[in-house]
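Here's a quick briefing on the model below, sorted by topic. Have a look at it first, then read on.

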Amino acid sequence: MIEVNDIKKKFGRKQVLNGVSFTAEKGKITCIIGINGVGKTTIMNAIMNLTPLNGGQILMNGESIGKQSYEQITFIPDAIIMQPNMTIAESMQFMTDFYDSWNQERATELLDFFKLQESEKINNLSKGNRAKVNLLLGLALDVDYLLMDEPFSGIDIFSREQIAEVFTSHLVEDRGVIITTHEINDIEHLIDKAVLLDEGKVLTEFNSEEVRETEGKSVVDVMREVYQQ
Ligand SMILES: Nc1ncnc2c1ncn2[C@@H]1O[C@H](COP(=O)(O)OP(=O)(O)OP(=O)(O)O)[C@@H](O)[C@H]1O
């Protein structure tokens, strides 16, 4: 489990995170939801230990995050992660050289699933196909947790559906997935847990399936209630 406990982050005088707490479990998809600029990427960077905090702590499987966490966690930012002049094959080779946890079998399976050609240059891919390459490079690492910043942003409905399908397939298995989004509509059926952020705090955190069953509400219904208060 990843436990985010009361984290605080300031940029200059701006208090971006003001005591954010939530948990993300293995085998579940946790979605951090909030408007642009609310601090979603900052939370991802904090979990990756890429930004110093002004308070609070983050635990992974009961231990404070640190350099050793990188063997168990991968972050797929929304920006391209490889040199754009590389081909897909070259980026996979880079991953093989760099990471012990690279799983070529899974990478090949994902290539087929997404119908991507190894010889294509990343530069020449559409936005949706670049997102698929990013997802492939992350998912082919055998790690416990996968973090993805806005994986569906600006991607057409067909690519979206394909990417969504991967999340519910054996390719994700029992990993813990944390994604961020500012537009939940098309993906709410995918997620297990929603964490709603506003003004540096978590307004509410809930199991979307439970809320659907017990209260007959969708994630969007809860968002409307919470954000309109
Ligand atoms: N390195 C930085 N220096 C100064 N301010 C920063 C820095 N990084 C982020 N911020 C500010 O912190 C706030 C939160 O940024 P962050 O990128 O975490 O938001 P976000 O919720 O991910 O936004 P978006 O949905 O647009 O990606 C913003 O006001 C941003 O300008």
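Strand 1 (residues 2-11) and strand 4 (residues 55-60) run antiparallel and are joined by five bridges. Helices (H or I, at least four residues) and strands (E, at least two) are DSSP runs, numbered from the N terminus. Two strands pair if DSSP finds at least two bridges between them. Bear in mind that this is a predicted model, where local features need pLDDT of at least 70, side-chain atom pairs count only at pLDDT 80 or more, and totals for chains, interfaces and linings use all residues. Residue numbers start from 1 along each chain as its sequence is written.

- Contact between two residues means C-beta atoms, placed from the backbone, within 7 Å. Axes are lines fitted to C-alpha atoms, for helices over the stretch in contact, and angles run from 0 to 180 degrees between N-to-C directions.

- Six strands make up another open sheet, ordered 6-7-8-3-9-10, and its pairing is mixed.
- At the edges are strand 6 (73-76) and strand 10 (201-207), each with a single partner strand, so one side of each lacks a neighbour in the sheet.
- On average, neighbouring strands of this sheet are turned by 15° against each other, direction ignored.
- Strand 3 and strand 9 (residues 193-198) pair in the parallel sense over four bridges, and threonine 30 has lysine 193 of strand 9 as its bridge partner.
- Helix 4 packs on the sheet, touching strand 6 and strand 7 (145-149), and its direction makes about 175° with that of strand 6.
- Helix 7 (residues 219-227) lies across strand 3, strand 9 and strand 10, at about 25° to strand 9.

**Around the ligand**

- Which residues surround the ligand? They are Phe11, Val16, Gly34, Asn36, Gly37, Val38, Gly39, Lys40, Thr41, Thr42 and His182. The cut-off for being near is a C-beta atom, placed from the backbone, within 6 Å of the molecule.
- Helix 1 (residues 40-47) gives the largest share of that shell, three residues.
- By type, the shell splits into three nonpolar, seven polar and one charged. Ala, Val, Leu, Ile, Met, Phe, Trp, Tyr, Cys and Pro count as nonpolar, Asp, Glu, Lys and Arg as charged, and the others, Gly among them, as polar.
- Glycine 34 lies in the loop between strand 3 (29-33) and helix 1. It is buried, with 22 other C-beta atoms within 10 Å. The scale is 20 or more other C-beta atoms within 10 Å for buried, 12 or fewer for exposed, and partly exposed in between, with C-beta atoms placed from the backbone.
- Beyond its neighbours within four places in sequence, glycine 34 is in contact with Lys40, His182, Leu196, Leu197 and Asp198.

**Residues to look at**

- Serine 64 is found in strand 5 and counts as exposed, with 11 C-beta neighbours inside 10 Å. Leaving aside neighbours within four places in sequence, serine 64 is in contact with Gln57 and Leu59.
- Asparagine 61 lies in the loop between strand 4 and strand 5, and its phi is near 45°, positive in a residue other than glycine.
- Lysine 115, in the loop between helix 3 (104-114) and helix 4 (127-139), has a positive phi near 55°.

**Confidence**

- The protein chain has a mean pLDDT of 90, with 98% of its residues at 70 or more; pLDDT is the predictor's confidence in each residue, from 0 to 100.
- Among the elements of the protein chain, strand 1 has the highest mean pLDDT (97) and helix 5 (residues 157-167) the lowest (84).
- The model scores ipTM 0.96 and pTM 0.90.
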